[in-house]
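Here are a few notes to read with the model open beside you.

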Amino acid sequence: MNDADVAVLGLGTMGSFAAWELSKRGQKVIGFEQFAPGHDQAGAGGESRLFRMAYAEGSDYVPLLMRAKEQWEALNEITGLPIAVFNGGITIGEPDDPFLEAARQSLAQFDLPYTMHNGRQAADLFPQHRIADHEVVLQDDASGFLRPEAAVAHAARQAALAGAELHTHTRVESVEVGDHGVRIITSDGVYRARRLVLSGGAWNSKLLHGLTPMTEVHRIAMTWFPMREPGLFTPEHFPIFVRTFDGVHFCGWPMVDGTNLKVALADGWDLVQDPDHLDRTMPQDLFAEIKHVVAKTIPGVIPEMSRIGVYMDAYTADQHGYVGWLVPDVVYGMGGFSGHGFKLAPVLGEAAAQEIVDGESRLPIGFLSPSRFSTSSTTRDRLPAFQRRIATASAAPVVSV
Ligand SMILES: Cc1cc2nc3c(=O)[nH]c(=O)nc-3n(C[C@H](O)[C@H](O)[C@H](O)COP(=O)(O)OP(=O)(O)OC[C@H]3O[C@@H](n4cnc5c(N)ncnc54)[C@H](O)[C@@H]3O)c2cc1C
(Lines give C-alpha, C1' and ligand atoms only; values in the text may rest on other atoms or scores of the structure.)
Protein backbone atom coordinates (compact mmCIF):
# COMPACT_ATOMS: atom_id res chain seq x y z
CA MET A 1 0.00 0.00 0.00
CA ASN A 2 1.55 3.32 -1.09
CA ASP A 3 1.66 6.40 1.12
CA ALA A 4 1.47 8.63 -1.96
CA ASP A 5 1.14 8.74 -5.73
CA VAL A 6 4.31 10.81 -5.92
CA ALA A 7 7.08 11.38 -3.40
CA VAL A 8 9.19 14.51 -3.87
CA LEU A 9 12.73 14.19 -2.55
CA GLY A 10 14.00 17.70 -1.78
CA LEU A 11 11.68 20.66 -1.37
CA GLY A 12 14.15 23.22 -2.67
CA THR A 13 13.78 25.21 -5.87
CA MET A 14 12.45 22.54 -8.21
CA GLY A 15 10.87 20.20 -5.69
CA SER A 16 8.64 22.82 -4.11
CA PHE A 17 7.23 23.92 -7.47
CA ALA A 18 6.86 20.33 -8.71
CA ALA A 19 5.04 19.36 -5.50
CA TRP A 20 2.67 22.30 -5.99
CA GLU A 21 1.94 21.45 -9.63
CA LEU A 22 1.41 17.77 -8.86
CA SER A 23 -0.90 18.56 -5.95
CA LYS A 24 -2.90 20.96 -8.12
CA ARG A 25 -3.52 18.03 -10.48
CA GLY A 26 -5.01 15.93 -7.70
CA GLN A 27 -1.98 13.74 -7.05
CA LYS A 28 -1.42 12.52 -3.51
CA VAL A 29 2.01 14.04 -2.86
CA ILE A 30 4.40 13.44 -0.01
CA GLY A 31 7.50 15.65 0.17
CA PHE A 32 10.73 15.43 2.16
CA GLU A 33 13.14 18.23 2.98
CA GLN A 34 16.17 17.90 5.22
CA PHE A 35 15.93 21.58 6.21
CA ALA A 36 12.80 23.68 5.58
CA PRO A 37 11.59 25.20 2.30
CA GLY A 38 13.24 28.59 1.83
CA HIS A 39 16.49 27.66 3.64
CA ASP A 40 19.78 29.03 2.33
CA GLN A 41 22.05 25.98 2.62
CA ALA A 42 22.12 24.87 -1.01
CA GLY A 43 21.07 26.28 -4.38
CA ALA A 44 18.56 28.94 -3.49
CA GLY A 45 20.02 31.36 -0.95
CA GLY A 46 21.36 34.87 -1.17
CA GLU A 47 18.33 37.17 -1.49
CA SER A 48 18.01 37.43 -5.26
CA ARG A 49 18.27 35.51 -8.51
CA LEU A 50 18.44 36.90 -12.02
CA PHE A 51 15.51 36.41 -14.34
CA ARG A 52 17.05 36.93 -17.77
CA MET A 53 14.82 36.82 -20.85
CA ALA A 54 17.82 37.58 -23.09
CA TYR A 55 19.21 34.07 -22.88
CA ALA A 56 22.68 33.52 -24.22
CA GLU A 57 22.62 29.90 -23.02
CA GLY A 58 20.22 29.09 -25.87
CA SER A 59 17.04 30.33 -27.48
CA ASP A 60 15.39 26.97 -26.65
CA TYR A 61 14.86 28.47 -23.22
CA VAL A 62 12.88 31.49 -24.40
CA PRO A 63 9.43 29.84 -24.68
CA LEU A 64 9.96 28.36 -21.21
CA LEU A 65 11.02 31.76 -19.88
CA MET A 66 7.92 33.41 -21.34
CA ARG A 67 5.70 30.88 -19.57
CA ALA A 68 7.77 31.16 -16.36
CA LYS A 69 7.34 34.93 -16.35
CA GLU A 70 3.55 34.51 -16.34
CA GLN A 71 3.82 32.04 -13.48
CA TRP A 72 6.09 34.31 -11.42
CA GLU A 73 3.60 37.13 -11.90
CA ALA A 74 0.82 34.78 -10.76
CA LEU A 75 2.84 33.88 -7.65
CA ASN A 76 3.14 37.59 -6.83
CA GLU A 77 -0.65 37.86 -7.06
CA ILE A 78 -1.36 34.76 -5.00
CA THR A 79 1.01 35.77 -2.20
CA GLY A 80 0.64 39.57 -2.38
CA LEU A 81 4.44 39.72 -2.21
CA PRO A 82 6.99 41.12 -4.70
CA ILE A 83 8.68 37.74 -5.19
CA ALA A 84 9.36 38.53 -8.85
CA VAL A 85 10.33 42.04 -9.94
CA PHE A 86 10.56 42.63 -13.69
CA ASN A 87 12.58 45.82 -13.69
CA GLY A 88 14.45 45.07 -16.92
CA GLY A 89 17.95 43.94 -17.65
CA ILE A 90 21.07 45.03 -19.48
CA THR A 91 23.99 43.12 -20.95
CA ILE A 92 27.16 45.17 -21.28
CA GLY A 93 30.10 44.15 -23.43
CA GLU A 94 32.28 44.69 -26.45
CA PRO A 95 30.46 44.77 -29.82
CA ASP A 96 31.86 41.32 -30.65
CA ASP A 97 31.09 39.76 -27.24
CA PRO A 98 29.64 36.30 -28.10
CA PHE A 99 27.55 36.19 -24.90
CA LEU A 100 25.94 39.53 -25.71
CA GLU A 101 25.27 38.56 -29.32
CA ALA A 102 23.73 35.22 -28.32
CA ALA A 103 21.53 37.04 -25.79
CA ARG A 104 20.40 39.49 -28.48
CA GLN A 105 19.65 36.69 -30.93
CA SER A 106 17.51 34.83 -28.40
CA LEU A 107 15.22 37.87 -28.17
CA ALA A 108 15.26 38.57 -31.91
CA GLN A 109 14.30 34.97 -32.73
CA PHE A 110 11.06 35.35 -30.78
CA ASP A 111 10.38 38.96 -31.82
CA LEU A 112 10.78 40.11 -28.24
CA PRO A 113 11.52 43.81 -27.86
CA TYR A 114 15.02 45.01 -27.06
CA THR A 115 17.21 48.06 -27.63
CA MET A 116 20.90 48.23 -28.48
CA HIS A 117 22.70 51.30 -27.14
CA ASN A 118 26.13 52.52 -28.06
CA GLY A 119 28.51 53.26 -25.21
CA ARG A 120 27.81 56.97 -25.07
CA GLN A 121 24.01 56.55 -24.98
CA ALA A 122 24.29 53.80 -22.38
CA ALA A 123 26.56 55.87 -20.13
CA ASP A 124 23.81 58.54 -19.99
CA LEU A 125 21.02 56.03 -19.43
CA PHE A 126 22.84 53.92 -16.81
CA PRO A 127 25.13 56.30 -14.90
CA GLN A 128 25.65 53.67 -12.17
CA HIS A 129 27.95 51.83 -14.62
CA ARG A 130 31.16 53.20 -16.05
CA ILE A 131 30.66 52.36 -19.72
CA ALA A 132 33.28 53.12 -22.36
CA ASP A 133 32.40 54.64 -25.74
CA HIS A 134 33.44 51.48 -27.58
CA GLU A 135 31.18 49.20 -25.50
CA VAL A 136 27.57 48.36 -26.36
CA VAL A 137 24.56 47.61 -24.19
CA LEU A 138 21.61 45.31 -24.89
CA GLN A 139 18.53 46.36 -22.91
CA ASP A 140 15.30 44.40 -22.51
CA ASP A 141 12.30 45.04 -20.27
CA ALA A 142 11.20 41.47 -19.63
CA SER A 143 14.14 40.60 -17.39
CA GLY A 144 14.34 41.25 -13.66
CA PHE A 145 14.99 39.39 -10.45
CA LEU A 146 13.41 36.89 -8.06
CA ARG A 147 13.49 36.50 -4.29
CA PRO A 148 14.55 32.85 -3.87
CA GLU A 149 13.89 32.14 -0.20
CA ALA A 150 10.35 33.53 -0.33
CA ALA A 151 9.67 31.89 -3.69
CA VAL A 152 10.56 28.42 -2.45
CA ALA A 153 8.80 28.83 0.88
CA HIS A 154 5.60 30.03 -0.78
CA ALA A 155 5.62 27.39 -3.52
CA ALA A 156 5.89 24.74 -0.79
CA ARG A 157 3.10 26.45 1.17
CA GLN A 158 0.88 26.40 -1.91
CA ALA A 159 1.67 22.71 -2.35
CA ALA A 160 0.60 22.07 1.24
CA LEU A 161 -2.58 24.12 0.75
CA ALA A 162 -3.31 22.00 -2.32
CA GLY A 163 -3.03 18.86 -0.18
CA ALA A 164 0.64 17.84 -0.23
CA GLU A 165 1.98 16.23 2.94
CA LEU A 166 5.34 17.90 3.54
CA HIS A 167 7.89 16.47 5.95
CA THR A 168 10.36 19.20 6.82
CA HIS A 169 13.57 18.64 8.80
CA THR A 170 13.36 15.09 7.51
CA ARG A 171 16.34 13.66 5.74
CA VAL A 172 15.98 10.91 3.17
CA GLU A 173 18.68 8.39 4.02
CA SER A 174 18.20 6.12 1.00
CA VAL A 175 15.78 5.14 -1.73
CA GLU A 176 15.01 1.66 -3.03
CA VAL A 177 13.74 1.68 -6.59
CA GLY A 178 11.48 -1.13 -7.77
CA ASP A 179 9.63 -1.74 -11.03
CA HIS A 180 6.39 -0.35 -9.69
CA GLY A 181 7.39 2.15 -7.05
CA VAL A 182 9.91 3.38 -4.53
CA ARG A 183 10.60 2.81 -0.87
CA ILE A 184 11.99 5.88 0.89
CA ILE A 185 13.94 5.47 4.09
CA THR A 186 13.96 8.74 6.04
CA SER A 187 15.07 10.00 9.41
CA ASP A 188 11.45 9.70 10.62
CA GLY A 189 10.28 6.48 9.04
CA VAL A 190 9.84 4.49 5.84
CA TYR A 191 7.41 5.53 3.10
CA ARG A 192 6.28 4.04 -0.18
CA ALA A 193 5.19 5.87 -3.31
CA ARG A 194 4.22 4.89 -6.81
CA ARG A 195 6.63 7.48 -8.29
CA LEU A 196 9.52 9.64 -7.11
CA VAL A 197 10.57 13.11 -8.17
CA LEU A 198 14.29 13.36 -7.44
CA SER A 199 14.87 17.07 -6.79
CA GLY A 200 17.70 16.98 -4.29
CA GLY A 201 19.87 19.52 -6.15
CA ALA A 202 23.54 19.07 -5.31
CA TRP A 203 22.69 15.79 -3.54
CA ASN A 204 20.98 14.05 -6.51
CA SER A 205 24.00 12.04 -7.63
CA LYS A 206 24.85 11.07 -4.08
CA LEU A 207 21.28 9.93 -3.42
CA LEU A 208 20.77 7.83 -6.55
CA HIS A 209 24.29 7.28 -7.77
CA GLY A 210 24.38 5.68 -11.20
CA LEU A 211 20.82 6.67 -12.10
CA THR A 212 21.44 10.38 -12.61
CA PRO A 213 23.54 12.08 -15.29
CA MET A 214 27.00 12.80 -13.91
CA THR A 215 27.34 16.22 -12.36
CA GLU A 216 29.90 18.21 -10.46
CA VAL A 217 28.89 20.47 -7.63
CA HIS A 218 30.19 24.01 -7.94
CA ARG A 219 30.60 26.39 -5.07
CA ILE A 220 29.23 29.79 -6.00
CA ALA A 221 29.91 32.87 -3.90
CA MET A 222 27.93 36.07 -3.93
CA THR A 223 29.45 39.31 -2.72
CA TRP A 224 27.81 42.42 -1.34
CA PHE A 225 29.35 45.89 -1.55
CA PRO A 226 28.33 48.93 0.49
CA MET A 227 27.03 51.79 -1.62
CA ARG A 228 27.94 55.43 -1.55
CA GLU A 229 24.77 56.43 -3.40
CA PRO A 230 22.07 53.88 -2.55
CA GLY A 231 19.30 55.91 -4.21
CA LEU A 232 20.77 55.13 -7.62
CA PHE A 233 20.60 51.39 -7.08
CA THR A 234 16.95 50.76 -6.26
CA PRO A 235 15.07 48.37 -8.60
CA GLU A 236 13.30 51.31 -10.31
CA HIS A 237 16.65 52.86 -11.26
CA PHE A 238 18.93 49.89 -11.63
CA PRO A 239 18.11 46.96 -13.97
CA ILE A 240 19.83 43.64 -13.38
CA PHE A 241 23.04 43.43 -15.38
CA VAL A 242 25.45 40.95 -16.90
CA ARG A 243 28.79 42.27 -18.04
CA THR A 244 32.11 41.13 -19.42
CA PHE A 245 34.97 43.43 -18.44
CA ASP A 246 38.70 42.73 -18.58
CA GLY A 247 37.78 39.13 -19.42
CA VAL A 248 35.69 38.72 -16.24
CA HIS A 249 32.06 37.68 -16.71
CA PHE A 250 29.98 38.98 -13.81
CA CYS A 251 26.47 40.03 -12.94
CA GLY A 252 24.61 42.19 -10.46
CA TRP A 253 21.27 42.87 -8.86
CA PRO A 254 19.64 46.04 -7.59
CA MET A 255 19.74 46.83 -3.90
CA VAL A 256 17.14 44.92 -1.88
CA ASP A 257 18.42 45.47 1.68
CA GLY A 258 18.68 49.28 1.61
CA THR A 259 22.46 49.46 1.89
CA ASN A 260 24.32 46.96 -0.30
CA LEU A 261 24.73 46.06 -3.94
CA LYS A 262 25.12 42.38 -4.74
CA VAL A 263 27.57 41.29 -7.45
CA ALA A 264 28.70 37.79 -8.42
CA LEU A 265 31.00 36.11 -10.86
CA ALA A 266 28.75 34.51 -13.47
CA ASP A 267 30.72 31.27 -13.60
CA GLY A 268 31.05 30.10 -10.01
CA TRP A 269 34.26 29.51 -8.08
CA ASP A 270 35.39 25.96 -7.37
CA LEU A 271 34.20 22.43 -6.70
CA VAL A 272 32.44 20.86 -3.72
CA GLN A 273 33.52 17.29 -2.99
CA ASP A 274 30.56 16.51 -0.72
CA PRO A 275 27.40 18.64 -0.50
CA ASP A 276 27.01 17.63 3.15
CA HIS A 277 30.19 19.58 3.86
CA LEU A 278 29.84 22.85 1.97
CA ASP A 279 32.73 25.07 3.01
CA ARG A 280 31.16 28.49 3.48
CA THR A 281 34.45 30.30 3.87
CA MET A 282 36.39 31.68 0.92
CA PRO A 283 40.08 32.47 0.54
CA GLN A 284 40.54 36.25 0.38
CA ASP A 285 42.63 36.05 -2.78
CA LEU A 286 39.68 34.64 -4.70
CA PHE A 287 38.00 37.99 -4.51
CA ALA A 288 40.65 40.01 -6.31
CA GLU A 289 38.89 39.67 -9.66
CA ILE A 290 35.48 40.70 -8.46
CA LYS A 291 36.85 43.63 -6.46
CA HIS A 292 38.83 44.73 -9.49
CA VAL A 293 35.86 44.79 -11.86
CA VAL A 294 33.57 46.40 -9.29
CA ALA A 295 36.13 49.14 -8.60
CA LYS A 296 36.56 49.77 -12.32
CA THR A 297 32.94 49.66 -13.41
CA ILE A 298 30.58 50.68 -10.59
CA PRO A 299 31.72 54.01 -9.15
CA GLY A 300 28.82 54.30 -6.66
CA VAL A 301 30.03 51.44 -4.44
CA ILE A 302 32.85 51.12 -1.96
CA PRO A 303 34.89 48.30 -3.55
CA GLU A 304 35.46 46.32 -0.35
CA MET A 305 33.00 43.54 0.39
CA SER A 306 30.74 43.89 3.39
CA ARG A 307 29.30 40.41 3.05
CA ILE A 308 29.88 37.07 1.30
CA GLY A 309 27.42 34.23 0.79
CA VAL A 310 28.48 30.77 -0.36
CA TYR A 311 26.02 28.40 -2.04
CA MET A 312 26.22 25.49 -4.49
CA ASP A 313 24.63 24.04 -7.58
CA ALA A 314 25.14 20.85 -9.63
CA TYR A 315 26.62 21.29 -13.11
CA THR A 316 26.17 18.86 -16.01
CA ALA A 317 28.67 18.35 -18.83
CA ASP A 318 26.81 20.69 -21.19
CA GLN A 319 25.71 23.11 -18.44
CA HIS A 320 22.01 22.56 -19.04
CA GLY A 321 19.78 20.92 -16.45
CA TYR A 322 18.06 17.57 -16.85
CA VAL A 323 14.31 17.12 -16.50
CA GLY A 324 12.74 13.78 -17.29
CA TRP A 325 12.43 10.10 -16.44
CA LEU A 326 15.54 8.44 -15.04
CA VAL A 327 13.70 5.16 -14.50
CA PRO A 328 10.67 5.04 -16.82
CA ASP A 329 7.44 5.80 -14.99
CA VAL A 330 9.14 5.43 -11.57
CA VAL A 331 11.91 8.01 -10.98
CA TYR A 332 11.64 11.48 -12.51
CA GLY A 333 14.82 13.56 -12.25
CA MET A 334 15.17 17.33 -12.02
CA GLY A 335 18.73 18.48 -11.52
CA GLY A 336 22.05 19.73 -12.83
CA PHE A 337 20.80 23.26 -13.39
CA SER A 338 24.35 24.52 -13.73
CA GLY A 339 23.99 27.88 -12.04
CA HIS A 340 20.99 29.13 -14.02
CA GLY A 341 17.92 27.10 -13.08
CA PHE A 342 16.11 29.21 -10.56
CA LYS A 343 14.12 31.34 -12.98
CA LEU A 344 12.71 28.19 -14.60
CA ALA A 345 11.38 26.51 -11.45
CA PRO A 346 7.65 27.22 -12.03
CA VAL A 347 7.65 26.14 -15.67
CA LEU A 348 9.77 23.05 -15.06
CA GLY A 349 7.52 22.12 -12.14
CA GLU A 350 4.57 22.40 -14.50
CA ALA A 351 6.30 20.39 -17.23
CA ALA A 352 7.28 17.66 -14.76
CA ALA A 353 3.73 17.40 -13.45
CA GLN A 354 2.35 17.18 -16.99
CA GLU A 355 4.76 14.37 -17.89
CA ILE A 356 4.09 12.48 -14.67
CA VAL A 357 0.32 12.86 -14.66
CA ASP A 358 -0.58 13.12 -18.36
CA GLY A 359 2.29 11.10 -19.82
CA GLU A 360 3.62 14.04 -21.83
CA SER A 361 4.24 17.76 -21.54
CA ARG A 362 2.99 20.43 -23.88
CA LEU A 363 5.98 22.55 -22.88
CA PRO A 364 9.14 22.33 -25.05
CA ILE A 365 11.48 20.64 -22.58
CA GLY A 366 12.87 17.96 -24.91
CA PHE A 367 16.29 19.66 -25.01
CA LEU A 368 16.58 19.05 -21.25
CA SER A 369 15.97 15.30 -21.44
CA PRO A 370 18.46 13.32 -19.30
CA SER A 371 18.73 10.79 -22.13
CA ARG A 372 21.17 13.11 -23.92
CA PHE A 373 23.98 12.15 -21.52
CA SER A 374 26.25 9.20 -21.60
CA THR A 375 27.18 8.00 -18.14
CA SER A 376 30.82 8.97 -18.60
CA SER A 377 30.25 12.70 -19.12
CA THR A 378 31.97 15.04 -16.74
CA THR A 379 32.29 18.78 -16.49
CA ARG A 380 35.83 18.72 -15.16
CA ASP A 381 37.51 19.41 -18.48
CA ARG A 382 35.10 22.23 -19.23
CA LEU A 383 35.89 24.29 -16.16
CA PRO A 384 37.48 27.61 -17.05
CA ALA A 385 41.16 27.74 -16.21
CA PHE A 386 40.46 30.09 -13.32
CA GLN A 387 38.23 27.58 -11.61
CA ARG A 388 40.64 24.71 -12.18
CA ARG A 389 43.33 26.80 -10.56
CA ILE A 390 41.13 27.56 -7.58
CA ALA A 391 39.99 23.96 -7.29
CA THR A 392 43.55 22.85 -6.71
CA ALA A 393 44.79 25.91 -4.80
CA SER A 394 46.45 25.33 -1.45
CA ALA A 395 45.09 26.93 1.71
CA ALA A 396 45.02 30.71 1.68
CA PRO A 397 43.79 33.30 4.19
CA VAL A 398 40.09 32.70 4.62
CA VAL A 399 37.20 35.14 4.80
CA SER A 400 34.37 34.17 7.14
CA VAL A 401 30.94 34.35 5.63
C1 LIG B 1 25.00 31.48 -5.79
C2 LIG B 1 24.07 31.06 -6.90
C3 LIG B 1 23.56 32.00 -7.77
C4 LIG B 1 22.66 31.64 -8.75
N5 LIG B 1 22.13 32.60 -9.55
C6 LIG B 1 21.10 32.28 -10.36
C7 LIG B 1 20.39 33.29 -11.03
O8 LIG B 1 20.71 34.48 -10.91
N9 LIG B 1 19.33 32.92 -11.81
C10 LIG B 1 18.94 31.63 -11.95
O11 LIG B 1 17.98 31.37 -12.65
N12 LIG B 1 19.61 30.64 -11.32
C13 LIG B 1 20.66 30.94 -10.53
N14 LIG B 1 21.32 29.97 -9.84
C15 LIG B 1 20.93 28.58 -10.04
C16 LIG B 1 19.73 28.15 -9.24
O17 LIG B 1 19.66 28.82 -8.01
C18 LIG B 1 19.81 26.65 -9.07
O19 LIG B 1 19.94 26.07 -10.37
C20 LIG B 1 18.57 26.08 -8.40
O21 LIG B 1 18.33 26.74 -7.19
C22 LIG B 1 18.78 24.59 -8.18
O23 LIG B 1 17.56 24.08 -7.73
P24 LIG B 1 17.45 22.58 -7.22
O25 LIG B 1 16.02 22.33 -6.90
O26 LIG B 1 18.13 21.67 -8.19
O27 LIG B 1 18.34 22.55 -5.89
P28 LIG B 1 18.02 23.16 -4.44
O29 LIG B 1 17.24 24.40 -4.54
O30 LIG B 1 19.31 23.20 -3.71
O31 LIG B 1 17.08 22.08 -3.79
C32 LIG B 1 17.52 20.79 -3.42
C33 LIG B 1 16.84 20.46 -2.10
O34 LIG B 1 16.94 19.09 -1.82
C35 LIG B 1 17.12 18.96 -0.41
N36 LIG B 1 17.72 17.66 -0.14
C37 LIG B 1 18.86 17.17 -0.68
N38 LIG B 1 19.11 15.95 -0.19
C39 LIG B 1 18.11 15.65 0.67
C40 LIG B 1 17.83 14.52 1.49
N41 LIG B 1 18.62 13.44 1.52
N42 LIG B 1 16.72 14.54 2.24
C43 LIG B 1 15.88 15.62 2.23
N44 LIG B 1 16.12 16.72 1.48
C45 LIG B 1 17.22 16.73 0.71
C46 LIG B 1 18.06 20.13 -0.09
O47 LIG B 1 18.09 20.45 1.27
C48 LIG B 1 17.47 21.22 -0.94
O49 LIG B 1 16.48 21.96 -0.25
C50 LIG B 1 22.27 30.29 -8.88
C51 LIG B 1 22.80 29.32 -8.03
C52 LIG B 1 23.68 29.69 -7.03
C53 LIG B 1 24.21 28.64 -6.11
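1. A word on classes before anything else: Ala, Val, Leu, Ile, Met, Phe, Trp, Tyr, Cys and Pro count as nonpolar, Asp, Glu, Lys and Arg as charged, and the others, Gly among them, as polar. With that in hand, the shell around the ligand comes out as 15 nonpolar, 14 polar and five charged residues. Do keep in mind that this is a predicted model.

2. Who gets nearest to the ligand? Out of the 34 residues around the ligand, G10, G12, G43, G201 and G341 come nearest. As for elements, α1, β3 (49-51), β13 (216-226) and β19 (307-315) are the ones that give two or more residues to this shell.

3. Next, the domains. Where does the ligand lie relative to domain 1 and domain 2? Both domains give residues to the shell around the ligand, so the ligand lies between them.

4. The two domains also touch: 20 residues of domain 1 are in contact with 13 residues of domain 2. On the domain 1 side, the touching residues divide by class into six nonpolar, 12 polar and two charged.

5. Now have a look at α1 (residues 13-24) against α5 (residues 148-161). Their axes come within 8 Å and cross at roughly 25°. Angles under 35 degrees count as roughly parallel, and α1 and α5 are therefore roughly parallel to each other. The crossing is left-handed. On α1 the contact uses T13, S16, F17, A19, W20 and S23, and on α5 it uses V152, A155, A156, Q158 and A159. That contact has seven nonpolar and four polar residues, with no charged ones.

6. α1 also packs with α8 (residues 345-358), where the axes come within 8 Å and cross at roughly 50°. That angle makes α1 oblique to α8. This crossing is right-handed. From α1 come T13, M14, F17, A18, W20, E21 and L22; from α8 come A345, P346, L348, G349, E350, A352, A353, I356 and V357. By class, the contact of α1 with α8 has 12 nonpolar, two polar and two charged residues.

Conventions: Residues numbered from 1 in each chain as written. Predicted model: local features only at pLDDT ≥ 70, side-chain atom pairs only at ≥ 80, totals over all residues. Axes fitted to C-alpha atoms, helices over the stretch in contact; angles between N-to-C directions. Helix = DSSP H or I, 4+ residues; strand = E, 2+ residues; numbered from the N terminus. Parallel < 35°, antiparallel > 145°, perpendicular 65-115°, else oblique. Left-handed = near helix turned anticlockwise from the far one by under 90°. Contact = placed C-beta atoms within 7 Å. Near = placed C-beta within 6 Å. Domains from an automatic or database assignment.
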